[in-house]
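Please work through each task before consulting its solution.

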Amino acid sequence: MSINYQFDQQHIWHPYTSSVNPLPCYGVSHASGVTLTLDDGRELIDGMASWWACIHGYNVPELNQAAQQQLQKMSHVMFGGLTHQPAIDLCQELIAITPEALDKVFLSDSGSVAVEVALKMALQYWHSKGEPRAKFLTVRNGYHGDTFGAMGVTDPENSMHELYQDFLPQHLFVAAPQSRFDQAFDPSELDELKATLAKHHYDIAAMIIEPIVQGAGGMRIYHPEYLASAKQLCAQYGILFIADEIATGFGRTGKMLACEHADVVPDILCLGKAITGGYMSLAATLTTKHVADTVCQGKAGVFMHGPTFMANPLACAVATASIRLLRQSPWQQRVAAIEQTLQHSLKPLQQLPNVADVRILGAIGVVETTHAYDVATLQQAFIEHGVWLRPFGKLIYMMPPFVMTSAHLQQLINAIKQTLSELPHQE
Ligand SMILES: *Cc1c(COP(=O)(O)O)cnc(C)c1O
């Protein structure tokens, strides 16, 4: 059976797309290792890991087995008043790979919800302390999800705050971190953050930030000193610090958590994307005993959240298998080898006339072009070169599965190089 593209175009919404002018989509029939096979038989090397998620690649025997075994027992059961071993196993793994202070886990169904949960924890924390607070502090160019709470702390321009302005709460934004990961830190970039904290600290519940790598808000990689200082400044005022590691968690930047680059222990941590190795939707919000207990000593007496599919056993079983597989694998060496190939072969693309910048950290490679190309044109060119990449704006970026060989990675890089040299320098 071939894919019914006409039905897809007429009836199905894809992420951030128009129903009036839908862009072409490519049908995938199956995926294995680092290869996506299209409906027409073409094979593409996947540079996206399905948006940071498929760190082990596709059709992974260990994850298939975990899903199949769990399926025999139960696919789902409610989490209110009931518990199960898959959730316990997963939370043990999560507590093992995160800082010691984070020992309370709230499981939810997607990254955006994990962020909503983090924001609600911070609000309830201050409410319990008898000092209700209404504001969050964050940096520009951030991305925290598409639900309202998360969108409220996402970059105002990228998430079109003016569309929802009568509905969205107004939070405090300071300039995005400027000093690059691999260059000197300029302490003056903390001035605005310091001034904002000094002026508004009594009204700020928490600061939320993506550690080290700002993902969908611009693929910017910043200096660990910024993160360490921001955490320290918040601590001085007793303001909670939320690390959104939904994109960076599980080894992507070369550390299990990007916070480790700055030795930062957040009060609240959000995980998602790669948590199940890309098999299904699941996310987690971790916090300290102090925050959790304070939340629950307030008027409500409980933390006020509980999704229907909370701790879905099937997702928990696969997530546990994925984290164990990661921890048993030489992931540090694999990520370091990917970084080395990117440094060697992707970095030189900054010599191309239509390239403004190349940024690399761990298994993340970003090419920023001098102007925005048409996404559909670029995507088609990449497909003709046998690779799957999904650029946005001026950004062509990759975060391949950690199991990608250097030959496949080289093919991805060559596809970008050839595509960029074939395209006009100005449109
Ligand atoms: C993807 C992402 C989210 C949202 O996760 P969803 O699963 O898409 O809801 C939140 N924060 C960051 C940093 C992300 O990269």
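The conventions come first, and the exercises follow.

**Conventions**

The model is predicted, so local features need pLDDT of at least 70 and side-chain atom pairs count only at pLDDT 80 or more, while totals for chains, interfaces and linings use all residues. Residues are numbered from 1 along each chain as its sequence is written, and side-chain values use heavy atoms, with hydrogens and water left out. Helices (H or I, at least four residues) and strands (E, at least two) are DSSP runs numbered from the N terminus.

**Exercise 1.** Determine the strand order of the open sheet of 7 strands, and state which strands form its edges.

*Solution.* 
Step 1. Two strands are taken to pair if DSSP finds at least two bridges between them.
Step 2. The order of the open sheet of 7 strands is 4-12-11-10-7-5-6, and the pairing is mixed.
Step 3. Strand 4 and strand 6 (172–174) are the edge strands, each of which pairs on one side only.
Step 4. From one strand to the next, the twist averages 20°; axes are lines fitted to C-alpha atoms, for helices over the stretch in contact, and angles run from 0 to 180 degrees between N-to-C directions.
Step 5. Strand 4 and strand 12 run antiparallel and are joined by 6 bridges. Leu102 stands opposite Thr288 in strand 12.
Step 6. Helix 7 (residues 191–200) packs on this sheet and touches strand 5 (135–139), strand 6 and strand 7. The direction of helix 7 makes about 160° with that of strand 6. Contact here means heavy atoms within 4.5 Å.

**Exercise 2.** Identify the buried residues of helix 9 and explain why they lie on the same side of the helix.

*Solution.* 
Step 1. A residue is buried under 20% relative accessible area, exposed over 50%, and partly exposed in between (1.4 Å probe, protein chains only).
Step 2. Val291, Ala292, Thr294 and Val295 are the buried residues in helix 9 (residues 289–296).
Step 3. Because these residues cover an arc of only 165° around the axis, they are on the same side of helix 9. The arc is that of the directions from the helix axis to the C-beta atoms.
Step 4. The elements covering them include strand 4 (102–108), helix 5 (111–128), strand 10 (240–244) and strand 12 (283–288).

**Exercise 3.** Describe the packing of helix 5 against helix 9.

*Solution.* 
Step 1. Two packed helices are described by the angle between their axes and the distance between the axes.
Step 2. For helix 5 and helix 9, the angle is about 65° and the axes are 8 Å apart.
Step 3. This crossing of helix 5 and helix 9 is left-handed. A crossing is left-handed if the near helix is turned anticlockwise from the far one by less than a right angle, and right-handed if clockwise.
Step 4. Met121, Gln124, Tyr125 and Ser128 in helix 5 meet His290, Val291, Thr294 and Val295 in helix 9.
Step 5. The contact of helix 5 with helix 9 has 4 nonpolar, 4 polar and no charged residues. In this classification, Ala, Val, Leu, Ile, Met, Phe, Trp, Tyr, Cys and Pro count as nonpolar, Asp, Glu, Lys and Arg as charged, and the others, Gly among them, as polar.

**Exercise 4.** Is Phe250 buried or exposed?

*Solution.* 
Step 1. Phe250 is found in the loop between strand 10 and strand 11 (268–271).
Step 2. Its phi is near 65°, a positive value in a residue other than glycine.
Step 3. Phe250 has a relative accessible area of 1% and is therefore buried.
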